[in-house]
Amino acid sequence: MARPEQVLLLEPQHELKFRGPFSDVVTTNLKLSNPTDRNVCFKVKTTAPRRYCVRPNSGIIDAGTSINVSVMLQPFDYDPNEKSKHKFMVQSMLAPPDMTDMEGVWKEAKPEELMDSKLRCVFEMPVENEKTHEHESNKVMSSSLLKSESSTLPAKSLSSTLDDGEVKKIMEECKRLQMEAQRLREENKQIREDDGLRMRKSNMMSSQHSSVGMKKEEGLSARTVALIALFFVLGVIVGKLVL
């Protein structure tokens, strides 16, 4: 037995188009309209369930109303040479008057009560010429904006673009650094003076020690000569007495 014709109106009817780039989630919409005077149950199925997120993927469309279904394609590496084989199917059936459990209704539905419509997926990338044109337009706009900004800026230092608080902080920091540098220079000068004073004292002390040693040596030499002379004189006198 042939299945009944789909009562829902689909927009688009035959294909879902997804426009890249596909480095992020790409969403397209599917509108389902119920022109009948009966409520209609629906389900949206796909041959690639891991690649898509569908909200809502099932529900009830009241008589004479419509809903929008968002179909979100997950990011992937797009290959222009590979044609998409993904497909979607919208399945529907007339809702029973006393329906309380929609899942139960789907399980108990007879094949001749089910209606379906199929759509194929189409992936499209922006045309390279359009991308290049947009890129060039953005460059021109950016350069013209920079030129206009530079021409309208007053001929002052960049500090004029800072607020007063930031300028004050910078000036205080410069002053503090200058004072720190001056203090370091004075400390360095004092250290050099102290080193020179210590070196002069050390030289003076060493010269004093050397002069004292020389005087002692001179004294010892004089006494030695005197003793030798005394012994010589005593020797002469003793020699004469012996003779």
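These legends accompany a set of close-up views of one predicted protein model. In this model, local features need pLDDT of at least 70 and side-chain atom pairs count only at pLDDT 80 or more, while totals for chains, interfaces and linings use all residues. Residues are numbered from 1 along each chain as its sequence is written, and side-chain values use heavy atoms, with hydrogens and water left out.

**Figure 1**
Let's start with the overall picture. Read from the N terminus, the elements follow the order β-β-β-β-β-β-β-β-α-β-α-α. Helices (H or I, at least four residues) and strands (E, at least two) are DSSP runs, numbered from the N terminus. Of the 243 residues in the protein, 19% are buried; here buried means under 20% relative accessible area, exposed means over 50%, and partly exposed lies in between (1.4 Å probe, protein chains only). The protein exposes about 18900 Å², and 57% of that comes from carbon and sulfur atoms. These areas come from the Shrake-Rupley method with a 1.4 Å probe, and for residues only the protein chains shown count as cover. Take the contacts between residues at least 6 apart in sequence: 71% of them join residues at least 24 apart. A contact means heavy atoms within 4.5 Å.

**Figure 1. E15 and its salt-bridge partners K17 and R120.**
The structure holds four salt bridges, each a side-chain nitrogen of Lys or Arg within 4 Å of a carboxyl oxygen of Asp or Glu. As background, side chains of opposite charge can pair when their charged atoms come close. E15 meets K17 in a salt bridge at 3.8 Å, N to O. R120 also forms a salt bridge with E15, and here the closest N and O atoms are 3.0 Å apart. This second pair links distant parts of the chain, with R120 in strand β9 (residues 115–124) and E15 in strand β2 (residues 15–19), 105 residues apart. For accessibility, E15 is partly exposed at 22%, K17 is partly exposed at 44%, and R120 is partly exposed at 46%.

**Figure 2. E124 and R19, joined by a salt bridge.**
In this view, the side chains of E124 and R19 meet at 3.9 Å, N to O. The pair links distant parts of the chain: E124 belongs to strand β9 and R19 to strand β2, 105 residues apart. E124 is partly exposed, with 28% relative accessibility, and R19 is partly exposed as well, at 42%. Salt bridges that share partners join E15, K17, R19, R120 and E124 into one network.

At 8% relative accessibility, Q91 counts as buried. The side chain of Q91 makes a polar contact with the side chain of K45 at 3.3 Å. A polar contact is a pair of N or O atoms within 3.5 Å; within protein, one must be able to donate a hydrogen and the other to accept it, and residues adjacent in sequence count only if both atoms are side-chain atoms. Leaving aside residues up to four places away in sequence, Q91 touches R3, C41, F42, K43, K45, W106, L114, M115 and D116.

**Figure 3. The cysteines C41 and C121.**
C41 is buried, with 0% relative accessibility. C121 is buried too, at 2%. The structure holds zero disulfides, a disulfide being a pair of cysteine sulfur atoms within 2.5 Å.

**Figure 4. L9 in strand β1.**
Strand β1 runs over residues 9–11 and includes L9. Not counting residues up to four places away in sequence, L9 touches K31, L32, S33 and P35. L9 and S117 are 108 residues apart in sequence, and their C-alpha atoms are 9.6 Å apart in space.

**Figure 5. Strand β7 with its antiparallel partners β3 and β5.**
Strand β3 (residues 26–33) pairs with strand β7 (residues 66–73) in the antiparallel sense over eight bridges. Within this pairing, the bridge partner of L32 in β7 is I67. Strand β5 (residues 52–55) pairs with β7 in the antiparallel sense over four bridges. There, V54 has V71 of β7 as its bridge partner. Two strands pair if DSSP finds at least two bridges between them. A handy reminder for this view: in a regular strand the side chains alternate between the two faces of the sheet.
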